[in-house]
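Here's a quick briefing to keep beside you while you look around the model.

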Amino acid sequence: MRARSQRLIMVAVAAVVLAMATGLALIALRDAIVLFYSPSEVVAAHPGIGERIRIGGLVEDGSVERPADGGADFTVTDGAATIRVVYAGSLPDLFREGQGVVVEGAFIASGEFEASTVLAKHDETYMPPEVAQALRESGVWQGEGEQ
Amino acid sequence: MIAEIGRFLVALAFALSALQLLAGWRAASAGSTPAMQIAARSAYTALAAAVIAFGLLIILFLQSDFSVAYVAGHSHVDKPLFYKIAAAWGGHEGSMLLWCVMLVAIGAALARFALKQDEQLKNRAVSIQGGLQLLFLGFLAFASNPFDRLLDVPLQGAGLNPILQDPALAIHPPTLYIGYVGLSAAFSLAVAGLIEGRGGRAIATALRPWSLFAWTALTGGIALGAWWAYYELGWGGWWFWDPVENASFMPWLIAAALIHSAIATEKSGNFAGWTAFLAIMAFSLSTMGAFLVRSGVLTSVHAFALDPERGLWILGIMTILAGGGLTLFALRSGKLGNGDGFALTSREAFIGVNNLLLAAVAGTVLFGTLYPLIMSAFGVSGISVGAAYFNATATPFLAALLIFLPFAPFLPWKKDGFNRRLALRSALWILPGVLAGLWAFLIDASPVAIAAAAFAGWTLAGVVTDLWHHRVLQGAAACFSLTGRILAHAGVVAMALGAVADSTGRPETVRALAEGEQIGIPGFTLTLDGVRRADGRNYLADEARIVVENGRVSELLPQRRFYTAADTTTREVAIQSGFGGDLYVALGEPRARDDGEIAYEVRVSFNPMVWLLGLGALLIVLGGLSASIGRALNGRRAGMMP
Amino acid sequence: MIALAIILAAAAFVFAGFAVWPVARKQPRWLAPSILAGLVGVAGVTYLAGGQPQAPGVPYQHAAAERMAANPDDLEPVAQVERLRDMLREDDTNAVVWAQLGRMLARSERELEAINAFQRSLRLELNARTLSDLGQTFMNLNDGRVTDEARAAFEEARRIDPDLPEPDFFLGLQAFQSGDVETAETIWLDLIERLNDQGPYRILISEQVFQLLSQPQVNTEAVEAAAASEDFDPRQRIADMVQRLETRVASGDAGFADHLRLIRVREMLGDDEGGMATLQAARDRFAEREGAMTILDLLAAALQADEGQSE
């Protein structure tokens, strides 16, 4: 085969793969994007029932309830608004009252937020960046830095 | 005093790297022998200084000298000895030092072993590597120094996090770093080759062994990290597509493409530009993986604002590496040569397809990982890209890779090779493919997973025929190379099948159980027999005795530990491994019921055939090592390589 | 500092010297020395950018030895805790040190660690004091409630050393918290009678017991319900309560606690005379109960002192 046509074929194949990759990426991205809200933003924006979102804030002190048959319910707050979260899974070990938490899930018909994952990290020097940002905007958190 | 000596040695290694850069450059440009000797000696002494500095850091950890900020932040006098040592590279500053040690070691290795037959190229590469050392040692010395002191010495260290006290996690970063940093050799050689205007073939020959070795280490490092996440985090998963994992996966993909395209370039000069491009990208992505992730920038650009100095350093290093490397590539790739050309069904063509697919996966992963960052630059903050995106984009391409894989070893270089024999042979692969697809169908896999399983069965048959067909190869070097190829490809098949099994979902239940109560997942009934205290030296623990029935009766003992000094709770999962998969039991928080009975949360999941993933990773690592040995033997015979 | 300078200089010259050796005796003559100087200069400046040559290293052993040599009372509480932990690192079979550590931790509100320390101590040696401290730490952890674990600890402490006052006091409190005021009263009065009137505890415990027993018994839900209604009048409620207590005291059904409550509420309302009268009535009624008399004597003294002040 001539070098020219060989190169043409390579370019064509590459273009096809690139087009497929771009197409797939754009389609998949539409369904996989999850927006992050602070509790006050949730109150303002009213995400629809069933829409997957992330909410980050602090676990309100004294708000954690552990139903007898498993799971846990708690309230996420940013000082300005609160969201009641129900979670059927097992809370992460680092979950603490008064500490930062990010929950991912969707609102259900009852008005509660049903979390499918709960991420927590309670290290004095660490705060999930999104949470730190949200809290700073609401004026709760005055911390300097996180690493 | 030890800390101050350590700081000085870092400074000295920094100065010596500058000398290595200058002397190496002069040696390459003017062909001066003393300059070459100085460059080599600079590399050796910089290595000695960096290694001693790292040793001193370990001594500081052994002494628990909390006047050193990094030690105070990452150790505790009660930490077990092994983890005191491991803490030396457990945090940002220490891991940076380890990174620099390895970078300098690569510099010394290049000076000592590389390219005996082309000293000009070698000197240029040593000089470029000196430049890399200068960048990273500068970052270490000025913005992340592990020897920084605290004037107000704390009474006790703060680093007693029990989750991080784990053997897999202790050896995971060094292994990963060998991989990341090993790719710097490919980077330096490619850049040196572009500057020197060498042909693609020479560059590919020079960088292949380094890339192979680095990629092998990277595989091991990623596998160790996944293994740790699997049993220590207590979530039951091993791959979450989070930015930290993606950051190591992208250079892995690019390096995988590189080691294949470099073979083609070496044999026939084809893909010369592509190979050089991959070599530049692989180390640039490694750097991004190691630094952007650690700095938290990938989740939010605000991390830059919070730590501007480090942020600027990282940004600067990234710009120099990727920007400089690619600019050079654009200017000089014309000199690489066009190669001999190849036919449509030659081995090159299939390697080309392999590379395109790997690059496509790397590209989509890169896009998904950086998307939140891109959007936040446009003022839309707080977006995250879920695992669904990565599964949807990566899986089809990875599955497609498997279709083409088995043909390549039977095809000749340059010439068309798809003849009747190969067609007949490949017909034999259809049956295993159908069987594997059937298996996936029976375990309720998704259509994509069924296809992936079918391709994996097809590939496995191909790999076996490859072994059978080439078994008569002569010579130790060829044997090691063949074994490497077979093992690595078989490892890929094992991982694919493991991922298919995993994709069928892990049955999982969480419930609070009181004594005597039961929980079930398909195939298993678990009864909480009782919970007892099982305190250890530095923790309080509840240990549940859980009786498992699945035809046989056995028991599992998951624990929930509270480390008083670290104020941290962890769960020690209990895993019952079998051929079908792992039964995975974690003990959660207790709660009081209304009748006063205490119920313990128990989380049970079944992870199908996880062992396939471990086996796959092991085979790939062994394959990489075997191919490296083959390569070394081959080189020795030809008198070019170490 | 001088030693450090010598070591650093030596290291610099050995390393840099090795690197420039290939041109050491070559022309031009200035080349090797100037590269050497450049290297040492760059390294030195880089070092000084953050180096603290004057700061000595502080290996943990030295820090611990210094703490050990120091007088514990001069140390900050956190340092005292570390000092005790250091001692335990040397020898973790010393029950006394474990108990001391537990007390220090309990005082700095690190209850879980304190409980762990007390339990370690008790595993080595059963000791009534330590058991009692353990019980109190359990209480602190549970907002002052005498939980089952705390109660078990106090009972065990009393079994080992019946003379120790705290276990009895807290066991009384446990009965009190569960609503059994009579048992609480008996335990406490027995305890006060048993205590040496020379010691400091008798007065302390008597005061505590008075405070607890004289608390008005309130049905919280009823109060909240009443407060929600429109014609709620707190004065009226207090008057009703005084009325009820007076009737009961007059009829002779009232227990010791009822007397104390009436005295307290009357004093609060400013009815000193009524208070003294009830006090006298209580004295007559509980004359044979030494513990009760102790509390009443203290109360009388306090009331007189109060009056003396207000006049």
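Predicted model: local features only at pLDDT ≥ 70, side-chain atom pairs only at ≥ 80, totals over all residues.

Residues are numbered from 1 along each chain as its sequence is written, with chains lettered from A and ligands numbered from 1 in the order in which they are written.

**Chain B overall**
- Chain B has 18 helices and eleven strands; these are DSSP runs numbered from the N terminus, helices being H or I with at least four residues and strands E with at least two.
- A compact globule of 642 residues would have a radius of gyration near 26 Å, and chain B agrees with its 26 Å (taken over C-alpha atoms; the globule rule is 2.2 Å times the number of residues to the power 0.38).
- Along the principal axes, the C-alpha atoms of chain B fill a box of roughly 85 × 75 × 50 Å.
- Of its 642 residues, 61% count as buried (20 or more other C-beta atoms within 10 Å of a residue's own; 12 or fewer is exposed, in between is partly exposed, and C-beta atoms are placed from the backbone).

**Where chains A and B touch**
- Chain B puts 46 residues into the contact and chain A puts in 36; in contact means C-beta atoms, placed from the backbone, within 7 Å.
- On the chain B side, elements giving two or more residues include helix H13 (347-377), helix H14 (387-404) and strand S11 (598-608).
- H13(B) gives the most to that side, with nine residues.
- The chain B side divides into 21 nonpolar, 16 polar and nine charged residues (nonpolar: Ala, Val, Leu, Ile, Met, Phe, Trp, Tyr, Cys and Pro; charged: Asp, Glu, Lys and Arg; polar: the others, Gly among them).

**Strand pairs**
- Strand S1 (residues 33-37) of chain A pairs antiparallel with S1(B) over three bridges; to pair, two strands need at least two DSSP bridges between them.
- Ile33(A) sits opposite Val385(B) in S1(B).
- Within chain B, S9(B) and S10(B) run antiparallel, joined by four bridges, and form a hairpin with three residues between them.
- In that pair, Ser577(B) faces Asp582(B) in S10(B).

**Leu299 in chain C**
- Leu299(C) lies in helix H16 (residues 290-310) of chain C and counts as buried because it has 22 C-beta neighbours inside 10 Å.
- Beyond its neighbours within four places in sequence, Leu299(C) is in contact with Phe210(C), Ile263(C) and Leu279(C).

Definitions and conventions:
Contact = placed C-beta atoms within 7 Å.
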